[in-house]
Structures are given as C-alpha cells and as structure tokens.
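Dear colleague,

Please find the structure below, handed over for your use. My findings on the contact between its chains follow.

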Amino acid sequence: MEIEEIVIKPEVSEKNYWRDIWRYRELFYILSWRDIKVRYKQTVIGAAWSIIRPVLTTIIFTIIFNRIARLDNPGNAPYSLMVFVGMLPWQFFANSLSEASNSLVGNANLITKVYFPRIIIPASSVITSMVDFAISFLILIVMLVWYRYLPGYHVVFLPLFIIMAFVASFGIGLYLTAVNVKYRDFRYIIPFIVQFGLYITPVGFSSHVLPEKYRLLYSINPMVGVIDGFRWCLLNEELYIPGFILSLAITIILLYVGVAYFRRMEKGFADNI
Amino acid sequence: MKPVIEVKNIAKSFIITHEGKKENYKALRDVIAGGVKKMFSFSNSMRGRQTSEEFFALKNVSFEVEAGDRVGIVGRNGAGKSTLLKILSRITPPTAGEIAIRGRIASLLEVGTGFHPELTGRENIYLNGAILGMKRAEIKNKFDDIVSFAEVEKFLDTPVKRYSSGMYVRLAFAVAAHLDPEILIVDEVLAVGDAQFQKKCLGKMEDVSKNEGRTVLFVSHNMGIVKSLCNKGILLNQGEVEHSGNVQSILSAYSDQLVSDNSVVYKHIAGDQRVEIKKINIARRNELSVYDKISISINLAQTDNAWQLITKYHFFLLFHNMEGDVIWSVFQKDNENYFDRMPGNSVKVDLLNILLPGSYLISAGIFDHNDQFVDWVEYAETLEILSAFAGNKTFDNRYGKVTTKAEWYVD
C-alpha cells in the first residue's frame with residue numbers, strides 16, 4: 001500500500017489546500033447529509049416548511065403590493081407568479097446566509113477536535129438550503145401549470161442561474177461565518193441584513209420599473225442578476241445584459257474575497273472558537 | 001526507512017492582549033466602542049494601555065518517531081503537550097517549523113465526538129466513522145463488527161438520544177476501536193469522562209501498539225500507564241523538549257523535575273501554620289519496592305513557641321496516585337499516641353509500604369487537640385515504587401492499588 005505523506009507547515013500551499021478538500025469529499029457528503037437529515041427530522045412540519053414560507057410570503061406580497069398598492073408586473077406574467085419566481089432564489093439566498101453564518105460556531109466541537117478542511121462546514125449548510133429550494137421549486141411547477149404559463153427555450157439556462165445563486169450565497173456565507181467566529185455578536189446583524197436585502201432586491205417588484213439610468217448601478221446587488229435571470233428563463237421577461245454581466249462579475253469577486261478571507265481566518269478557528 | 005513522524009523546529013505562539021479579558025473571541029460592539037473612544041481621545045494617550053505580548057506555547061520542538069514506537073509525552077500542565085498533539089493532528093497550524101507525517105493518522109477522541117442525538121445508531125456509525133477519518137466503504141465492511149461489538153443490534157434504528165449512557169459509550173467506542181490508522185494519537189485528557197471508556201481506550205492502545213506494531217503517541221499524567229505502554233518518551237517543559245529517549249530515563253527526569261519544583265515551595269492548603277511543614281524527606285525515595293519499609297522525616301518550623309500552646313497534636317500522611325486520588329492514608333491518632341511537647345525540629349515515621357508499583361504524590365499535615373488543621377501540605381513529594389517486592393523479588397503484576405499481608409489458616 002502506498003504511504004501517504006502529510007507535511008504540516010504554518011502556510012498551506014495552494015495545491016495542497018485544494019487537494020485536501022478533494023480528499024475529504026466523503027466527509028463533505030456525510031456532513032451535508034447529516035444537516036439535511038436533522039433539518040427534516042427536527043421540525044414537526046419539516047419539508048412542509050419550505051413550501052409554506054415562500055407561498056405565504058408570495059400571498060402577502062400579492063395582497064399588499066398588487067391589490068392594495070396597485071403595483072403590477074410590467075411584463076406578461078401574472079404578478080403573483082413573478083413574485084414567486086423571485087422569491088425562490090431570494091429565499092435560497094437568505095436561508096443559506098443565515099445557515100452558513102452560524103455553521104462554524106455551531107460545529108465548534110468538531111473544529112476543536114478533528115482536522116478537516118473547514119470550508120466543508122459552510123458549504124454543506126448551503127447545500128442544505130439547496131434542498132429547501134428544490135422542494136419549493138415543485139410548487140413553482142404547480143403554479144406554472146395553474147396559470148398555464150409555458151416557459152420558453154430560455155429555461156435551459158436556468159441551472160446557470162441556480163449556480164450563480166449558489167456561488168453568491170456561498171461567497172458571502174464564507175465571509176460571514178469567518179467574521180462570526182471572531183466577533184460572536186455578529187450573528188445578531190445577519191437577520192437584519194437579510195431583512196434589509198429583501199427590500200432592496202427585486203422580489204416584490206420587477207427591476208424593469210427602475211429608471212433606465214439606475215439599472216446598471218442597481219445590478220451591483222448580485223441577487224438582481226440572479227432574479228432577473230430566473231424571470232428571463234421562466235417568464236420570458238427581457239434580460240438586461242449589462243446589468244447581468246455586472247452582477248455576475250460581482251458574484252465572482254464575492255466568491256474570491258470570501259474564499260480568501262476564509263482561508264486567512266481558518267488557521268485561527270480552532271484557537272478562537 | 002524514514003521516520004514516520006519528523007518534527008523540525010516547531011513553534012506555536014499566541015498573541016495575548018492585556019485587557020483583563022479572557023475570551024478568545026471579541027464582541028463587535030467592543031471593537032466599535034473602542035474605535036469611537038479612540039476617535040475622541042487625544043491621539044496617543046490611549047494606545048499605550050493595551051499592551052500585547054507574544055506567548056510561546058511551544059518553541060524549537062524537534063523530534064523523530066520511528067515506525068512502531070510507542071511514545072509517551074509527559075510534562076506538567078501548560079508544558080505544551082496538548083498543543084503539540086493538536087498540531088500533529090492538524091487541528092491548529094504551527095507558527096513556525098515543519099512536520100512530515102508518513103502514514104494514516106487518527107486520534108482517539110472524547111466519547112462520541114460528532115454524534116448527533118437526533119440520528120439513529122446506524123446513521124451515527126457512518127457519521128462518526130467519517131469524522132474519525134474512515135472511508136465509507138471501510139465503514140460498510142466493518143459495520144457488522146462494529147454493531148456486534150457495541151451490542152446494539154436491536155436499537156440500530158433508534159435515535160441515539162434514546163440510548164442509555166452505557167449503550168451510547170459502547171457504540172462510540174466500537175466505532176473508534178475499528179479505526180486502524182498507522183499512527184494513533186491519544187490524549188488522556190480527551191479520553192476521560194468515563195472511566196470504563198478510558199480503560200477500554202487504553203486496552204485498545206495496548207493492543208494496537210504491542211500486538212499490531214502500530215505507532216502510538218500518548219499524552220498522560222499517569223506515569224504508571226506511560227511506563228507500561230510506551231517504550232520511548234518526550235519530556236516537555238515550558239514548551240521545549242527537555243529530554244527525549246527511552247521511557248525509563250524520561251520518567252525519572254520528569255519525577256526529578258516535579259520534586260525539584262516542589263522543594264522550592266510547598267502548597268499549604270489548610271491551617272494557620274503556627275507550626276509549618278518545611279520539608280518531607282523520604283529515605284531511598286526512588287529505590288523502594290512493595291513491602292519495603294518507608295522512612296519519612298518531616299522537618300518543621302514554628303512561630304513563637306507554638307508547641308507550648310498546642311497539646312495533643314498529631315500528624316497524618318496521604319498517598320495520592322498521579323491523578324490526585326488518595327490511595328492510602330495514615331493517621332497518627334489511630335495509635336492514640338499524641339505529641340504533647342516540642343519534639344525538636346523534625347518528626348519521624350516508619351511504615352510498611354503497601355502501595356503497588358507506580359508513581360505517587362505525598363501530602364502531610366498536622367492536627368491540634370481540637371482536630372483543627374495546623375498545617376496541610378498537598379502533593380509535596382513524589383514517591384516511586386519499583387516493580388519488585390522487598391528483597392529484590394520479582395513483581396507478579398497483581399491486581400489492586402494496594403496490597404497487604406494477612407493471616408491465613410485452615411479452619
């Protein structure tokens with residue numbers, strides 16, 4: 001049998017860092033599986049929760065913005081369908097952020113006792129939110145049938161936008177969870193960020209209602225690109241290309257910054273947690 | 001063949017800031033509040049107060065471990081043993097230096113690390129196995145063995161939160177026992193919590209190291225266990241390797257270190273020291289065997305002729321194992337001979353040693369006529385009992401903590 005040699009140094013080389021993640025992929029699967037399993041075992045309503053939440057929020061948005069405030073979708077799709085299509089990626093993003101940011105502190109007993117690439121922990125909590133997303137997506141299909149709304153050929157691009165949502169929430173989640181280890185009261189700020197984000201992200205309205213000159217600036221929010229992309233794929237709404245490119249670029253930068261910050265802080269996790 | 005572990009000039013330092021706080025993490029509000037304070041205070045006046053200092057938990061640590069070595073790492077609390085193990089098991093990175101490890105490495109951890117109470121026994125076997133570093137296929141292969149070892153067949157699909165504590169420990173241990181790394185790391189401090197589990201862990205270690213020829217690194221305060229399990233040793237002192245070599249020489253260096261520290265100041269834990277115990281001398285301290293005579297003399301100092309005021313004072317001795325449990329106690333009052341006058345500057349006591357081979361700590365004290373403490377020194381001296389009977393007869397590895405002679409006759 002080949003003997004594996006491990007070299008421990010103050011700085012981990014780039015190659016070894018990524019190779020180690022590959023080596024620990026089984027632990028990653030099993031931790032993700034644990035998180036999913038526990039999530040649906042612990043709550044009484046379990047999976048139903050990931051249906052109830054987006055549906056109720058969509059109903060409330062429709063009543064308040066559409067019926068009372070007379071806000072409508074400038075595109076073809078019904079207002080409530082537009083809201084739900086935006087609500088899906090948003091809720092995935094919001095869940096991922098809150099789950100990921102608490103993930104390291106929540107697994108402190110593992111981190112102080114066993115070695116594994118720490119990035120596995122926030123990654124598996126984003127994966128868990130992905131399962132919620134998948135369940136809510138079934139409701140979307142029901143809604144599309146109900147409204148007899150057939151997505152065009154764009155729908156084949158949907159996986160790309162799902163990946164983009166994943167990357168955006170993973171990048172920010174990495175940053176938040178590392179900050180959370182260092183500043184333990186940071187977690188109180190996260191619900192606020194999520195709440196605030198809901199209003200500055202085009203969930204209850206279409207980004208087409210914005211004045212043309214602000215649209216590019218607005219796309220600095222990566223979720224603008226994701227939600228517009230979802231609506232483009234599923235509801236055949238027009239995609240604002242420059243804005244999408246900016247959102248995509250910001251998403252990639254966020255991932256890069258998140259990983260870099262996480263790696264810098266990672267060495268101190270066992271000592272600081 | 002290359003050594004399985006090569007440690008070169010490892011150092012680990014922590015930055016300690018003197019803010020009078022002990023938390024590892026900061027609160028954001030403090031940082032913000034501190035920042036605001038700084039803005040409003042006159043430039044440099046605040047900066048001087050917050051001093052920070054680099055503290056070295058380990059420095060210049062170098063050693064090599066050959067395949068099949070069983071290495072005991074000893075040293076006092078704070079010597080850096082646990083930090084060294086944490087670096088070797090990659091939980092925390094070193095600040096400087098380099099380590100090469102050739103072979104699969106695993107640690108025996110606290111009972112059921114990573115067990116999730118909501119998950120079933122079956123699920124937890126896979127989870128815990130993966131956390132300890134086993135591959136899925138490997139766990140699958142050993143699954144039946146693990147289950148029968150733990151004796152939990154009937155409860156495999158029950159969440160472990162409904163397990164009795166005995167079942168829980170058995171399952172946790174069963175998984176750990178089926179690990180087969182080339183290098184095993186055991187921290188006694190981590191393995192405690194359950195005496196039975198600890199015993200099983202030690203049994204497993206012995207099995208792994210002696211019978212299967214694996215490499216073991218073992219951190220312990222229990223010199224008896226180190227001696228019986230290990231063939232090599234490393235003595236750490238304030239973050240540096242003080243000695244390394246065969247286990248016998250390490251242990252005697254360690255006990256010399258303990259005693260030389262102790263002789264400086266005894267720890268007085270009770271009494272007003274009207275009469276103070278200055279020094280406890282044990283004749284042939286490191287040469288005694290089972291059933292040998294122990295001769296102890298206790299040197300005393302008194303304030304203002306205190307003896308005149310005390311009548312019926314009497315002494316006691318306690319023998320502790322290295323974990324601090326009292327194994328044997330000896331009280332002068334049992335003989336009903338008390339001292340009534342100043343006996344000179346020392347008191348002598350002779351007794352027959354009933355302690356089995358191992359390392360012990362000695363405490364001694366004085367009571368006055370009201371059974372109030374006059375003095376009590378804890379862990380004042382160490383005592384090493386050799387693995388032999390008096391008269392250099394070979395020891396028979398008998399069970400127990402103490403052994404006595406008795407009258408035997410046919411009725």
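Which strand of chain A pairs with S4(B), and in which sense, parallel or antiparallel? The partner is strand S1 of chain A, residues 5-8, and the two strands run antiparallel, joined over four bridges. Within this pairing, A:Ile6 lies opposite B:Ile101 of S4(B). Please note that the model is predicted.

The interface as a whole may be summarised as follows. Chain B contributes 47 residues in contact with 41 residues of chain A. Together the two chains bury about 3900 Å², and 61% of this area is on carbon and sulfur atoms.

As to specific interactions, there are four salt bridges between chain B and chain A. One of them links the side chains of B:Arg102 and A:Glu5, with an N to O distance of 3.1 Å.

On the side of chain B that touches chain A, at least two residues come from each of the following elements of chain B: strand S1 (5-17), helix H1 (28-40), helix H2 (81-88), strand S4 (96-102) and helix H3 (121-132). The largest contribution to this side is that of S4(B), which supplies seven residues.

Yours sincerely

Note on methods
Residues numbered from 1 in each chain as written. Chains lettered and ligands numbered in written order. Predicted model: local features only at pLDDT ≥ 70, side-chain atom pairs only at ≥ 80, totals over all residues. Heavy atoms only, no water. Contact = heavy atoms within 4.5 Å. Buried area = accessible area lost by both parts, 1.4 Å probe. Pairing = 2+ DSSP bridges.
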